[in-house]
Structures are given as C-alpha cells and as structure tokens.
Amino acid sequence: MRLGNAARAAIIGFALTLGAAACSSGGSTTPDTPPSASAGGLEKTKIKVATLPAIDSAAIYVAIDQKLFEKEGLDVTPQIVQAAPEAIPMLLKGEIDAMFGNYVSMFAAHDKGALKLRILAEGSRAAPDSLSIMALPGSPIKTAKDLEGKTVNVNVLHNFQELALSQVLKANNVDPTKIKYVPVTFQNIMPSWKGGQIDAAYLGEPMVTAATSSMGARKIIDPASGPAAEFPISGYVSTQEWYDKNPKVAAAFQRAIHNAAKLMENNREVVAKVLPNFTQIDAATAATVTFPYFSSNDNPVRLQRVADWMLEAKWLNKSIDVKTLMSATTSG
C-alpha cells in the first residue's frame, strides 16, 4: 500500500517520541478543588497533561473518548507539544500537571537531579515490527552481522533506540560498539538514507510501513526482539512534589489509563478512531500500521531493565531502583 502525503507526514509522531528529552520538576496547574467539592474526594478535578502527536500516547485520548476520565471524576486536557523539552518550562511554571515521555530521558534527568521523578502510569512498549532496522533494496547489508562498521541513524544519541538495539545486537553475536550511531532529524532520515549518509535506517511506525511499501526496503533486524522484547518506551510522569499533593488524582488518572489500555489490547478500532485527532495519521493509515503495546498495568521488573541497561552503558552515575519511583497500582 502506498501512503499519501498526510500519512507520510504522520511519521513525525514516532520521531517526536524518540526525541523526548530530559524532563524537569514542576507543580500543579489549577487551584486545588476542596475535597468536598470534587468527585471521590479528589484533590482537584481538572488537570493538564503534555502529550506528543505520536501513536504511543494514544491511551490518554482513548480515555477521553471513552469517558474513562469522566468516570473517575477527572477533566483531563491534553496539551500537545512538538517535542518533550517544550514541556519542561511548563512543568516549572505550573502550567501542566504531568507529561508523557520516554524512560531513558527521564531516568537520565532523575539521575542528574534535574527531576525528582514519579511515574504515574506506564504508556507504551515496543511491539514486534513496530521498530525496524532497514536497508534499501540495493544495499549489501543482508544480516545483522553486516551492520558492523556501518552507520545507523538515531534521533538523538544515548536514547532508547540505541539502548534497545545494542542489547539485540549482542544477542545476535554482533558487536554494538562497531556500529556508528549518528543523530539525524526526522526530516532528514529519508534524504540521508537515499544519499548514502547512513547505511541502514532505524525506523518506527508508520515509517516502517511507508518504507516497505513505497521503497521496497528490507528489514534487517527488529530492535524490539530477543532481550528487548516489549522494551518499555514511554509513560506518564509527574514530579514527586505533585504526587505528594495529589495522590487521589494520581490514582484516578492511573486507573483511567490502565482501563483505556485494556480496551485497546483487543480492539484496535478504538485506537484508530482517535489517532487522526492528535496526529497527522489518517484513518486509512491508522487501520494498517503496527501499534506498540499499551500497558494496562505497571511492572517494575520490566522497567528496571531500562535502568539496568543504562547503568551498564554508563549512561547513569548510579543505579536506580525503579520501583521506588512508581505509583502504587490502584487498578487490576
């Protein structure tokens, strides 16, 4: 299937998730609603959450569309930013309550003291074929071993792309230190690939579908396979300070996100329905692309894998006990 201009433009959503940078601490956005005036004694009923126009953040929009926040007594307003760094001053100024971002960047920020992190709910995990290292039809790269000595794009250095792929390469007897990672902006991936500046392209949906159908590109290896299967990519977070002030709001938000993910697990139509509302992915493309996994529960074991791999790669100064950063699970 060939994708139209709108569908190809939608690919920016994936790149934005990859480029999510370190977050910072912040506070609440609206005056606290007295418990007696809020549903279920919530500390407040209206919250704002910074999101990206990416498939990964679909759960919040499904929760709105299916009135799951409303059932929890919450009025949630998503505020789309083009890249996660835009959300940092918003948190600092108290313009948002929480944000959606990738764990590698957030753990790095927490490690540096830029953010005292509280994970409100898991968001997305890499699914098979949702990410792919791809080669052009005439490329001599045929196997993972052929990637040694080659140049591969990443959105930014030392992000989840590189972290997950390194583990998969090692499992396939490929030396990840022999891969040259270069940062390439979303707009320049295709020109750089076609022009030979990169030897293989690190792509995600809907770009994988577009490259396969319109360019005849071949998948070399799935970065979400083997040791990186279901690699946690991103989630909904706030600051410890905000969480301490709003524990009931945090619990209600988590329940709604988890319930949205449960709906999404076996009903891709509820996801496809909302994607055109916050991405440039049209309905036809939404019906065909591979979605990531959406988490209907929070699992400290799988999230610990991210922090442990970061420490192994020397991207952290000290180990992080991820379960200490996670909110108590209030939904089954």
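User: Before we start, what does "buried" stand for in this predicted model?

Analyst: Buried means under 20% relative accessible area, whereas exposed means over 50% and partly exposed lies in between, with a 1.4 Å probe and protein chains only. The model is predicted, so local features need pLDDT of at least 70 and side-chain atom pairs count only at pLDDT 80 or more, while totals for chains, interfaces and linings use all residues. Residues are numbered from 1 along each chain as its sequence is written, and side-chain values use heavy atoms, with hydrogens and water left out.

User: Why is strand E3 called largely enclosed?

Analyst: Five of the five residues of E3 (residues 98-102) are buried, so the rest of the structure largely encloses this strand. Ala98, Phe100 and Asn102 point one way, Met99 and Gly101 the other way, and all are buried. In a regular strand the side chains alternate between the two faces of the sheet.

User: What makes E3 and E10 a pair?

Analyst: Strands (E, at least two residues) are DSSP runs numbered from the N terminus, as are helices (H or I, at least four), and two strands pair if DSSP finds at least two bridges between them. E3 and E10 (residues 232-239) have four bridges in the antiparallel sense, so they pair, with Asn102 opposite Ser234 in E10. Strand E1 (residues 46-51) runs parallel to E3 and is joined to it by two bridges; Ala98 in E3 is the bridge partner of Val49.

User: Why are E8 and E9 called edge strands?

Analyst: Three strands form an open antiparallel sheet in the order E8-E5-E9, and E8 (201-204) and E9 (218-221) each pair on one side only.
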